[in-house]
Amino acid sequence: ASLIAFYILGMGTFVLLRHYQFQTQTWDMGIFDQTFWNTIHGRVMQNSLEEIPNHLGIHMSPFLFLLVPGYALFPSPYYLLIVQLLALALGAVPLYFLTRRLLGSERWALVFAAAYLLYPPLHWVNWFDFHEIAFFVPLLLAGVYYAETRRWLPAWLFLLLAASTKEDAILATAAVGLWFFLQPSSSDEHGVFWTPKRKHGLVLTVALLAYFLFAVKLIMPAFGGGLLRLDRYAELGRTPSEIARTIATHPLTTAAIAFTPEKLNYLFWLLLPVAFLPFAAPRALILLAPGIAENLLTTFASQFSGM
């Protein structure tokens, strides 16, 4: 609790002063503030800043509706910055309990919670305006914790909420289901292939992949949009099928795009603060694959600049 309180006090002061000194930006702070303002005045998820009038055509983020009542009570950019700050800070709570369960040590649980709060990329998410994807972090951690404790109802609730933050979060959450499916049986389930975790993992993966297709093929186009950021992957193709085909049939071309010096530098600084520990559990790299691939395969420098 003390670590979280110090983080909220320190980072909160910095974030709020940044906005007070006019250092936040129209893209994306202004976009979200206007979108919320319009929503509470009857123009649901609309703004005049993005390529199309409705934000849901740009990003599939139904989670934002859960933040609307709070914005109605406190209609200010400060509300968005504060609620994002609290969400990211509270991500240390499920991580603490998850670590304590897996390692059986309260001391190591505190170490990992502190490391989470000190992780530089987390600071950047908090510092750089407001983004819906920030809420993915604590929701996913909570979902994984409840799955590890076999409390499947809250696990599904938090994992589905995590997937609702953005369209790419759907794929990242599906990777969690795949990770569940590929985990070996525990000692009390020896010899049983279809363990509860594998069953839930398979259903979660299939359900989220179906939701992703439904979202990008039907819901987002219904609002006049779709996967509008595919131009950032133009070197691989113009459509999702072309991109997938290039990745599958031209591995050298894909590698040349993904492993430039700038992107290797991005990976180095992303993993250095956690001492490259993800490589100690190769199966867990599945969890990183969607996000890492999204950033390595693009030509949009902001996704791999580390800033």
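The questions and answers below concern a predicted model and take up its surface patch, some of its helices, its salt bridges and its backbone angles.

Q: Which helix gives the most residues to the nonpolar patch on the surface?
A: The patch is formed by Leu 73, Phe 74, Ile 82, Leu 86, Leu 90, Val 93 and Phe 97, which together have about 600 Å² of accessible area. The elements that give two or more residues to this patch are helix 4, residues 77–90, and helix 5, residues 92–103. With three residues, the element that gives the most is helix 4.

Q: Is Leu 73 buried or exposed?
A: Leu 73, which is one of the residues of the nonpolar patch, has its place in helix 3, made of residues 68–73. Exposed means a relative accessible area over 50%, and because the value for Leu 73 is 76%, this residue counts as exposed.

Q: Which elements cover the buried residues of helix 5?
A: The buried residues of helix 5 are Ala 92, Pro 94, Leu 95, Tyr 96, Leu 98 and Thr 99, whereas Val 93 and Phe 97 belong to the nonpolar patch on the surface. What covers the buried residues includes helix 1 (2–20), helix 4, helix 6 and helix 8 (136–148).

Q: Which residues does Phe 112 touch, leaving out residues up to four places away in sequence?
A: Phe 112 has its place in helix 6, residues 106–118, and counts as partly exposed because its relative accessibility is 32%. From Val 93 it is 19 residues away in sequence and 10 Å away in space, C-alpha to C-alpha. With residues up to four places away left out, the residues that Phe 112 touches are Leu 95, Thr 99 and Leu 103.

Q: Within what arc do the buried residues of helix 13 fall?
A: In helix 13, residues 251–258, the buried residues are Thr 254, Ile 257 and Ala 258. Seen down the helix axis they line one face of helix 13, because they fall within an arc of 95°.

Q: Which exposed residues does helix 13 carry on the face turned away from its buried side?
A: On the buried side, the residues of helix 13 pack against helix 12 (240–249), helix 14 (261–271) and helix 15 (285–296). The face turned away from that side carries the exposed residues Leu 252 and Ala 256.

Q: Which residue forms a salt bridge with Asp 129?
A: Side chains of opposite charge can pair when their charged atoms come close. Asp 129 lies in the loop between helix 7 (120–127) and helix 8, and its partner lies in helix 1, so the pair ties together parts that are 111 residues apart in sequence. The closest N and O atoms are 2.6 Å apart, and the partner is Arg 18.

Q: How many residues apart in sequence are the parts that Arg 229 and Glu 51 tie together?
A: The side chains of Arg 229 and Glu 51 meet in a salt bridge, 2.5 Å from N to O. Arg 229 counts as buried at 18% relative accessibility, whereas Glu 51 is partly exposed at 48%. Because Arg 229 lies in the loop between helix 11 (196–222) and helix 12, and Glu 51 in the loop between helix 2 (26–40) and helix 3, the sequence separation of the parts tied together is 178 residues.

Q: Which two helices does the salt bridge of Lys 197 and Glu 148 tie together?
A: The side chains of these two residues meet at 2.9 Å, N to O. Lys 197 counts as buried at 17% relative accessibility, and Glu 148 counts as buried at 13%. The pair ties together parts that are 49 residues apart in sequence, because Lys 197 and Glu 148 lie, in that order, in helix 11 and helix 8.

Q: Where is Arg 150 found?
A: Most residues other than glycine have a negative phi. Arg 150, although not a glycine, has a positive phi of about 60°, and at 43% relative accessibility it counts as partly exposed. Its place is the loop between helix 8 and helix 9 (152–163).

Definitions and conventions:
Residues numbered from 1 in each chain as written. Predicted model: local features only at pLDDT ≥ 70, side-chain atom pairs only at ≥ 80, totals over all residues. Heavy atoms only, no water. Patch = residues over 30% accessible without salt bridge, like charges linked within 9 Å, V, L, I, M, F, W, Y side chains within 5 Å. Areas by Shrake-Rupley, 256 points an atom, 1.4 Å probe, with all protein chains shown as cover. Salt bridge = Lys/Arg side-chain N within 4 Å of Asp/Glu carboxyl O. Helix = DSSP H or I, 4+ residues; strand = E, 2+ residues; numbered from the N terminus. Buried < 20%, exposed > 50% of the residue type's maximum accessible area, 1.4 Å probe, protein only. Arc of directions from axis to C-beta. Contact = heavy atoms within 4.5 Å.
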